[in-house]
Amino acid sequence: MHAYESEFREPLINGLDKNYTKITDDLVAPTERITPMWLIATLITGAGACFFVFCLTWTVWFGIGTWGLNKTIGWAWDITNFVWWIGIGHAGTLISAILLLFRQRFRTGINRAAEAMTIFAVICAGMFPIFHMGRVWDAPFIFPIPNTRGPVWVNFNSPLLWDVFAISTYFSVSLLFWYSGLMPDFGTIRDRSKGKMRRWTYNILSFGWQGTAKQWQRFESLSLVLAGLSTPLVLSVHTIVSFDFATSVIPGWHTTIFPPYFVAGAIFSGFAMVETLMLISRKMFSLEDYITINHIESMNKIIVLTGSIVGIAYLTELFIAWYSGFMYEQFAFYNRILGKYFWAYTIMMTCNVVTPQFYWIKSIRRNLYWTFALSIFVNIGMWFERFVIIVTSLADDYLPSSWNYFSPTWVDWGIYLGSISVFLFLFLLFSRFFPTIAIAEVKAIFRISSEVAKVERAKAANSSTANNGGFVGLQAIGPLNKDDKN
Amino acid sequence: MESNKFVVGLWDHEEVYLHAIAHIRAKGIEIYESLTPFPVHGLEDALGYRQTRLHRAAFIFGATGTTLALTFMTWVMTYNYPLNVGGKPYWPLPSFIPITFELTVLFSAWGMTLTYLVRNKLWPGRVPPIFDKRTTDDRFALVFDAGKLTEDELNSIRSICKTEGAVEVKDKVFAENEGL
């Protein structure tokens, strides 16, 4: 009846004490208690989020001059942060949509948190272009709204406008995908809550979910279609972000390789951020049985793949710059490697191309400490990638008299670190009040991919082969996953 | 809900549950509702539900988005306020593709989700009839409408549920204004 799964595959739900009741208990538990660690983390990141608001207010009050931008370098940390955050968001959609279409069951353990991460990352990303406008109260005019000046409409030829549509569509569709999946789980929390207020709140959040067969049938249709829509959407979003650069005539930006290179980089950095967060939250909320070493290894494999794609893209870019014979393009790349920003280029190359290659070694892929450290390296490296592309290309332009250097001010620092705080703060709130793991989806793979189910099937197979001339085909799987007890 | 009295059978294993549904339906007993904690594979076939038409709604909404985006941009760039942007054509179709795509996805996703909420009767603050609180946790339920059945028929339903592996069979009577 169930889809076939090889008995040699590692289980996705560990623990021989698991059943549906236990899964509900384990996964709802984080929403039912406050741990001191959570409280401290929330207070610290909450303070950071307040500082973010303060720095933005400062920017609006005194103007963009409070940032380190100058006439030559008009895009710096703001757009770097914007692209970085958007990239981080991409892993959520990849896990929830693309892995759903590819029927990768390991997604069920991590999709909910990754989708939440997408939404929070896009919120952080959106702040940067909006406040970079300076006159932020004019922001609504980025949309084609009727006005009294003609009306003059937005320029539909501009990739910056396409970006407005791409990012806002991406945000709202991710929100729908995430929330439609949350409704059944809110129903689960409602039905086990004791307090009247809590039942009432979670009933509002669940939209009155019941779990009838017809509801589930429509639910599955909805998630499949949303996955089908989100897959090209996520690829289009970062493609359009790369158009912001690729359609300009700045050497170092004007390259046709940008769309696939940016998309691979986005997935790469997004998975690294998912790992950074999931390694902490699986420990914080004791979810080790649901986010197993197997999940982490699968993510590491995607990181080494996308990291290598990014590495090839860097080398291709260099080769094409040389091969083009175009002086300005050659200068831009020569300048990146050996110019005044050589340190940024070195960090980028080391963190994105060299360190992820450790993941070819299986014991490193399955080691939590290595994974955590390497995920931080990737996060840093991918931030520097955007910094290198944006700032080094602008700093030394066509006119040597206008060459300049970018130094961030405290406001730049405050907004950047503040956005990380906002992101973590929202994630902490999410993990305290919302089910961090998709409860219904984990239950749906319980009979296929859990340790319990595998052991049961192995027993059944062995008892039937006992009458079968002593054929011992499936006994080999006896000790399931015994080397992974970290 | 027309009646307020129901018989609820609860199972704890989905495979037993699916067999039970097949046997109960074969006996010609009408199942009022079926509740499960997660989407059980093959449940809608067992219950004889037809395929959902929700994806057609998604297509229609998506096509609306495509049409709207293309017509609006064409109207703006060729009729309402033609603007020469760097000598580019007044009707730059390739430039329209990204926004057309985004609006197709946006309309399709929102249209389908709203249709889903309407058809599933889901909205914030809705108070659903809860036949058993464990159906969102670890129990698979079959609900039979007791309103139009005699006590003998109900007893036979109860015993069939038991023989088909139900771990519990209970009566559920909804009060006049039953809350959560």
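In this predicted model, strand β2 of chain B and strand β3 (residues 140-145) of chain B pair in the antiparallel sense, joined over 3 bridges. Within this part of chain B, Glu33(B) stands opposite Val143(B) of β3(B). Strands of a sheet pair through backbone hydrogen bonds, and the pairing can be parallel or antiparallel. Stepping back to the whole sheet, 4 strands of chain B are arranged in the order β2-β3-β1-β4, forming an open sheet with antiparallel pairing. Its edges are β2 (33-35) and β4 (168-173) of chain B, each of which pairs on one side only. From one strand to the next, the twist averages 20 degrees. Helix α5 (residues 151-163) of chain B packs on this sheet, where it touches β1 (5-11), β3 and β4 of chain B. The direction of this helix makes about 10 degrees with that of β1(B).

Helix α4 (residues 107-132) and helix α14 (residues 410-433) of chain A pack at an angle of about 150 degrees, with their axes 9 Å apart. Because that angle is over 145 degrees, α4(A) is roughly antiparallel to α14(A). The crossing of α4(A) past α14(A) is right-handed. Among the residues that meet here are Phe120(A) and Met127(A) in α4(A), and Phe423(A) and Leu426(A) in α14(A). By class, the residues of this contact comprise 11 nonpolar, 1 polar and no charged.

The two chains also touch each other: 55 residues of chain A are in contact with 56 residues of chain B. On the chain A side, α7(A) gives the most, with 16 residues. That side has 27 nonpolar, 21 polar and 7 charged residues.

Methods
Residues are numbered from 1 along each chain as its sequence is written. Chains are lettered from A and ligands numbered from 1 in the order in which they are written. This is a predicted model: local features need pLDDT of at least 70, side-chain atom pairs count only at pLDDT 80 or more; totals for chains, interfaces and linings use all residues. Two residues are in contact if their C-beta atoms, placed from the backbone, lie within 7 Å. Helices (H or I, at least four residues) and strands (E, at least two) are DSSP runs, numbered from the N terminus. Ala, Val, Leu, Ile, Met, Phe, Trp, Tyr, Cys and Pro count as nonpolar, Asp, Glu, Lys and Arg as charged, and the others, Gly among them, as polar. Axes are lines fitted to C-alpha atoms, for helices over the stretch in contact, and angles run from 0 to 180 degrees between N-to-C directions. Angles under 35 degrees count as roughly parallel, over 145 as roughly antiparallel, 65 to 115 as roughly perpendicular and the rest as oblique. A crossing is left-handed if the near helix is turned anticlockwise from the far one by less than a right angle, and right-handed if clockwise. Two strands pair if DSSP finds at least two bridges between them.
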